[in-house]
Amino acid sequence: MSLIAEFLTSIRGFVQSQNGDELRNWLLVEPNVAAHYYELGQQLRSTCPANSGNIEKLVEKHLPEEDDVPEGRGSAWPGFNSFMEEYLKYWRDVDFNDIVKLYGRLSDLLISCANALANPTYGIMLLQTSMSLSEALSKLVMSITKEPHLMAQIQGDMTGDEAGEKKSIVELAADIIQKIFTSCLTDRSSTRWSPPKGKKIAVYLFANLTLKLLFACDKSRLAVQMFTNLSTSGPALSLYPASQRVTFLYYLGRFNFDHGHYMRAHWCFEEAYRQCHPQFLKHRRQILIYWIPSNLLLGRFPSQMLLSRPEAAGFGDIFIPICAAIRTGNFVAFHQALNASRDWLWDRGLYLTLLYRLKPLVWRSFTRKTFLLTWEGATGNDSNMMMTNRAPALSLSDLVVTATYVQKLLEGYIPVAAGSSLTLAPPPGGQPKRLMPSEGLIFGNKQPDLDSMESIVAGLVYAGLLNGFIARQQKKFAVEGAKRMGGNAVAAGWPCPYESIMDRFREDYEDELAAADAGETNEPPGEFEDVPGWVKMG
């Protein structure tokens with residue numbers, strides 16, 4: 001008996017016993033396999049040349065479709081035989097040195113496997129094989145994306161519909177894996193709220209694999225449809241093992257972080273960290289890398305207790321200087337803190353987000369400091385208590401003065417003592433440093449003026465970081481609610497950022513509820529802390 005016949009006979013035995021584990025163990029595709037797989041390929045090349053039809057005949061002979069199958073036994077089906085034909089063609093034609101051809105063959109093989117998996121009776125026995133093939137394709141695609149010449153060659157080879165849609169290889173691979181995910185999601189072996197059975201046991205395995213691929217290739221936006229499908233009909237996440245829950249919540253948090261939903265990201269990372277066992281330091285550290293920035297963007301700083309944990313080793317050196325700069329409104333220190341960890345933050349996709357999204361919090365502290373320096377309404381020895389009948393206000397002209405001073409510092413001017421006060425000496429060489437657009441207070445070397453300060457203060461008020469209004473004729477920011485705060489104008493005008501952001505988030509939620517009650521939307525918003533894609537038990 002030839003090696004091909006022996007191989008197909010063994011596969012038939014696994015199908016008859018419905019042994020999915022052995023099918024996965026035998027249907028291998030990666031280069032580090034036993035020598036007999038290469039011998040199998042050699043026999044296929046010598047006896048089954050392309051377009052001969054011999055492979056189809058061998059599969060039909062050794063994997064017959066049976067009609068009367070005893071209970072508990074299995075039989076080959078048309079989709080499986082088509083998959084096995086593709087598998088034999090894969091080993092006949094594979095050349096692991098030709099990455100472009102390998103990508104095409106492996107993609108065709110996984111598509112065929114996904115079609116076979118869709119069979120409602122026997123498809124489940126290919127579940128493990130589908131996972132191993134999906135992992136192999138994901139690994140290959142992630143390696144190809146690091147080689148621009150291979151990417152260009154593959155994209156150039158696309159014709160017909162593929163070229164018309166202009167999908168990248170990442171999108172194409174994700175589409176194939178999501179087809180398997182959908183097959184598992186729509187399986188009717190168990191209900192949505194009962195322990196998963198059948199193909200439903202792999203819903204979050206394939207979801208996580210798809211998300212891993214998309215994030216590794218910077219294509220997280222493509223996950224929107226998958227999260228929508230999960231919200232609509234997905235099983236509850238709590239019914240699945242901790243490893244799958246933690247991984248899914250991590251990627252869901254990453255998705256929301258990338259799309260500016262920092263409160264939702266915080267909820268996901270918080271739960272992922274809580275459910276991740278303390279012994280898995282590497283995983284907990286990976287969660288913290290994004291959980292800490294999520295909270296920074298919400299105005300909450302990491303505690304010393306958190307930063308002292310083993311999984312947070314070294315994070316204090318990165319984040320404590322950033323927190324100190326935000327707290328004091330020190331733009332010079334803020335840029336220095338980010339630049340000190342620029343490479344680390346950049347590699348994790350955090351640098352630009354923190355640079356632009358944290359600036360409003362720095363401006364909040366900066367305007368607060370300017371108010372404390374210039375407001376003359378304080379009485380007694382406590383400068384924080386504004387016990388006065390005068391309406392507390394921040395002069396925009398004063399803000400221009402302090403902002404101009406900081407702008408000069410950013411441009412390289414040097415503070416020097418002049419008697420009992422400080423003045424600024426020109427930078428070495430006499431010319432101010434040429435700033436990048438993101439390095440200046442406003443835009444590069446643009447100097448602060450009344451219009452720019454008014455615009456910034458208005459933005460802070462709109463974001464809820466300042467409480468008051470702009471008196472345009474007086475060119476001042478007037479604080480509201482000082483009397484309700486016992487005369488403390490600072491507490492009234494500069495509320496806690498996290499509480500303000502949470503209040504704003506809650507107001508938006510209540511608006512959505514009101515719109516749903518009025519019939520203006522088709523779907524109610526759900527619970528306050530619901531995150532699209534995170535299915536919780538009802």
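In this predicted model, H335 sits in helix α18, which spans residues 331–340. H335 counts as buried because its relative accessibility is 9%, under the 20% limit.

A nonpolar patch lies on the surface. The patch is formed by W346, L352 and Y356. Together these residues have about 340 Å² of accessible area. One of them, Y356, is found in helix α20, residues 351–357. Y356 has a relative accessibility of 48%, so it counts as partly exposed.

Helix α12 covers residues 224–233. Its residues M226, F227 and L230 are buried. These residues lie on the same side of α12, because they cover an arc of only 100° around the axis.

L249 is buried, because its relative accessible area is 0%. Residues up to four places away in sequence are again set aside. L249 then touches L237, C268, E271, A272, Q275 and W534. T121 is 128 residues away from L249 along the chain. The C-alpha atoms of these two residues are separated by 32 Å.

Strand β4 (residues 468–471) pairs with strand β5 (residues 476–479). The pairing is antiparallel and runs over 4 bridges. A471 stands opposite K476 in β5. Between β4 and β5 there are 4 residues. In this turn, K475 has a positive phi of about 55°. In a regular strand, side chains alternate between the two faces of the sheet.

Positive phi values also occur in loops. Q18 is not a glycine, yet its phi is positive, at about 55°. Q18 is placed in the loop between α1 (3–16) and α2 (20–26). With a relative accessible area of 32%, Q18 is partly exposed. N51 is likewise a residue other than glycine, and its phi is positive, near 70°. N51 is found in the loop between α3 (35–47) and α4 (54–62). N51 is exposed, because its relative accessible area is 84%, over the 50% limit.

Side chains of opposite charge can pair when their charged atoms come close. The structure holds 12 salt bridges. One of them joins R105 and D93, with the closest N and O atoms 2.6 Å apart. This pair links distant parts of the chain, 12 residues apart. R105 belongs to helix α6 (residues 99–117), and D93 to helix α5 (residues 78–93). Both residues, R105 and D93, are buried. R105 and D93 are also part of a network of salt bridges, in which they are linked with E86 and R92.

A salt bridge also forms between the side chains of E311 and R284, at 3.1 Å from N to O. E311 lies in the loop between α16 (304–307) and α17 (315–328), while R284 lies in helix α15 (residues 281–297), so the pair ties together parts that are 27 residues apart in sequence. E311 is buried, because its relative accessible area is 4%. R284 is buried too, with a relative accessible area of 8%.

D449 and K446 form a further salt bridge. Their closest N and O atoms are 3.9 Å apart. The relative accessibility of D449 is 28%, so D449 counts as partly exposed. K446 also counts as partly exposed, because its relative accessibility is 39%.

Note on methods
Residues are numbered from 1 along each chain as its sequence is written. This is a predicted model: local features need pLDDT of at least 70, side-chain atom pairs count only at pLDDT 80 or more; totals for chains, interfaces and linings use all residues. Side-chain values use heavy atoms; hydrogens and water are left out. Helices (H or I, at least four residues) and strands (E, at least two) are DSSP runs, numbered from the N terminus. Buried means under 20% relative accessible area, exposed over 50%, partly exposed in between (1.4 Å probe, protein chains only). Two strands pair if DSSP finds at least two bridges between them. The arc is that of the directions from the helix axis to the C-beta atoms. Patches are made of residues with over 30% relative accessible area and no salt bridge: like charges are joined within 9 Å, nonpolar side chains (Val, Leu, Ile, Met, Phe, Trp, Tyr) within 5 Å. Accessible areas come from the Shrake-Rupley method with a 1.4 Å probe; for residues, only the protein chains shown count as cover. A salt bridge is a side-chain nitrogen of Lys or Arg within 4 Å of a carboxyl oxygen of Asp or Glu. Contact means heavy atoms within 4.5 Å.
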